[in-house]
Amino acid sequence: MSDRNFQRTLKEKIKSWLFQGKVIILYGPRQVGKTTLANELINEYEGSLYMNCERQPVWELLSSGNLERIRQYLGQAKLVVFDEAQKIPHIGELLKLLIDTYPDIQYVATGSSSFDLTNILSEPLTGRNVKFIMYPISLIELKQHYDPIQQDEMIDNMLLYGSYPDIINRSQEQKEKLLDELTSDYLFKDVLRFENMRRSDILINLLKAIALQAGHEVSLRELSNLLKVSVETVQRYISLLEKSFVLFSLSSFSRNLRNEIAKGKKYFFYDLGIRNSLLQNFIPLSGRNDAGQLWENFCLIERIKYHQTMGTRVNMYFWRTYQQQEIDLIEEHSGKLYAFEFKLNPKHKDKIPATFKKNYPDSEFQIIHRQNYRQFLL
């Protein structure tokens with residue numbers, strides 16, 4: 001396939017906030033398209049300036065904190081992008097000074113790790129910023145280039161190789177090579193360098209263990225025993241993996257009924273290509289014993305992208321009882337519960353668990369499979 005320029009749905013949301021007196025913060029995983037989107041904004045607004053904070057001259061200028069020198073460098077720019085802004089010490093304080101002193105300029109800061117940006121930007125810029133998360137390509141964004149039949153055919157590829165912009169249209173060999181490199185960047189450049197973490201073996205083994213348990217509750221104690229480290233160490237690594245957009249979690253839903261599990265957590269991957277690269281497993285779905293787990297993870301992350309695109313605010317959980325009754329996803333919004341089960345096989349005829357139906361009689365239930373996913377994710 002030829003390369004395609006995917007129009008990101010986040011672009012229009014960001015544009016609606018430009019020149020509203022707020023610093024725009026755009027963060028997300030590496031290679032997800034943040035710089036491309038930033039450059040598109042620059043090209044659309046005359047008198048814009050792009051500053052790569054990883055370049056030494058830019059780093060030295062911004063790190064100096066010399067507002068007069070910085071203002072001279074900005075010149076007549078009306079929109080300024082600080083790409084990889086987390087590289088600059090005290091960037092939050094600097095952006096606060098800039099927006100307070102020169103409020104007519106629109107500042108956009110991008111970064112690849114949420115804990116970088118949120119920790120150093122949120123407090124100084126309280127009330128002065130709007131945050132956006134950029135994810136890998138969504139099914140909604142694929143609609144620009146592919147008809148429904150083509151989209152159906154692409155699902156298997158997305159379950160195996162994920163949906164990073166530079167990977168979608170590559171050959172199988174190129175996909176696997178790029179995913180290996182991207183996984184290495186994730187683990188060693190964005191996570192291990194924080195808190196002086198030097199045990200790459202723990203991080204990799206932790207992620208492999210979680211990858212094998214996707215869709216199941218994760219026991220921190222079991223992971224601690226497996227990796228021979230403390231529970232606190234496991235918690236710290238998982239927290240960093242969530243904040244650096246490798247993993248996301250669902251908490252258990254409970255209204256404190258006696259048989260409901262109230263404090264469980266499940267972990268999933270933001271991109272399945274990363275997950276499968278960690279396991280070095282790109283076997284086709286027909287030969288896998290984890291195809292159901294891949295489908296569940298896929299539906300969940302695409303649902304998160306869907307809600308972002310639609311601007312809907314929902315609380316997302318899973319539900320389980322001590323008697324092993326379970327529902328993959330519970331969405332809570334507008335005072336109502338919506339329950340979903342994810343089954344790859346359209347012939348699967350699951351029913352809503354009797355305990356859930358009894359205790360939440362006004363809830364709705366639906367199975368999401370290969371033949372009806374469009375109404376759920378598109």
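At 72% relative accessibility, Lys228 counts as exposed, because exposed here means over 50%. The model is predicted. Lys228 sits in the loop between helix H11 (220-227) and H12. Its phi is positive, about 60°, although Lys228 is not a glycine. Most residues other than glycine have a negative phi.

## A partly exposed phenylalanine

Phe19 also has a positive phi, near 60°, and is a residue other than glycine. Phe19 lies in the loop between H1 and strand S1 (23-27). How accessible is Phe19? At 41% relative accessibility, Phe19 counts as partly exposed, because that value falls between the 20% limit for buried and the 50% limit for exposed.

## The largest pocket

The largest pocket has a volume of about 770 Å³. Its lining has 24 residues. Nearest the centre of this pocket lie Ile133, Tyr135, Ile304, Gln308 and Arg313.

Helix H1 (10-15), helix H12 (231-243) and H14 each supply at least two lining residues. By class, the lining has 12 nonpolar, seven polar and five charged residues.

## The second largest pocket

About 500 Å³ of space lies in the second largest pocket. This pocket is lined by 25 residues. Gln31, Val32, Gly33, Thr36 and Pro165 are the ones that lie nearest its centre.

Helix H2 (34-44) and strand S2 (48-52) each supply at least two residues of the lining. The largest share comes from H2, with five residues. Charged residues number 11 in this lining.

## The largest cavity

The structure also holds two cavities of 30 Å³ or more. The largest cavity contains about 80 Å³ of space. Its lining draws on separate parts of the numbering. Arg8, Thr9 and Leu10 belong to the lining. So do Ile133, Met134, Tyr135, Pro136, Ser138 and Glu141. Lys305, Gln308 and Thr309 complete the list.

Helix H14 (residues 291-310) gives the largest share of this lining, three residues. By class, the lining divides into five nonpolar, four polar and three charged residues.

Met158, Gly162 and Ser163 are among its lining residues. Tyr270, Asp271 and Leu272 line this cavity as well. The lining also includes Phe298, Ile301, Glu302 and Lys305.

Which element gives the most to this lining? H14 does, with four residues. The lining divides into five nonpolar, two polar and three charged residues.

## H14 across the spaces

How values were computed. Residues numbered from 1 in each chain as written. Predicted model: local features only at pLDDT ≥ 70, side-chain atom pairs only at ≥ 80, totals over all residues. Heavy atoms only, no water. 1 Å grid on protein atoms, 1.4 Å probe; cavity = no way out; pocket = protein on both sides within 12 Å on 5 of 7 lines; lining within 4 Å. Points joined across faces, edges and corners; volume = space filled by probe spheres on them. Nonpolar A, V, L, I, M, F, W, Y, C, P; charged D, E, K, R; others polar. Buried < 20%, exposed > 50% of the residue type's maximum accessible area, 1.4 Å probe, protein only.
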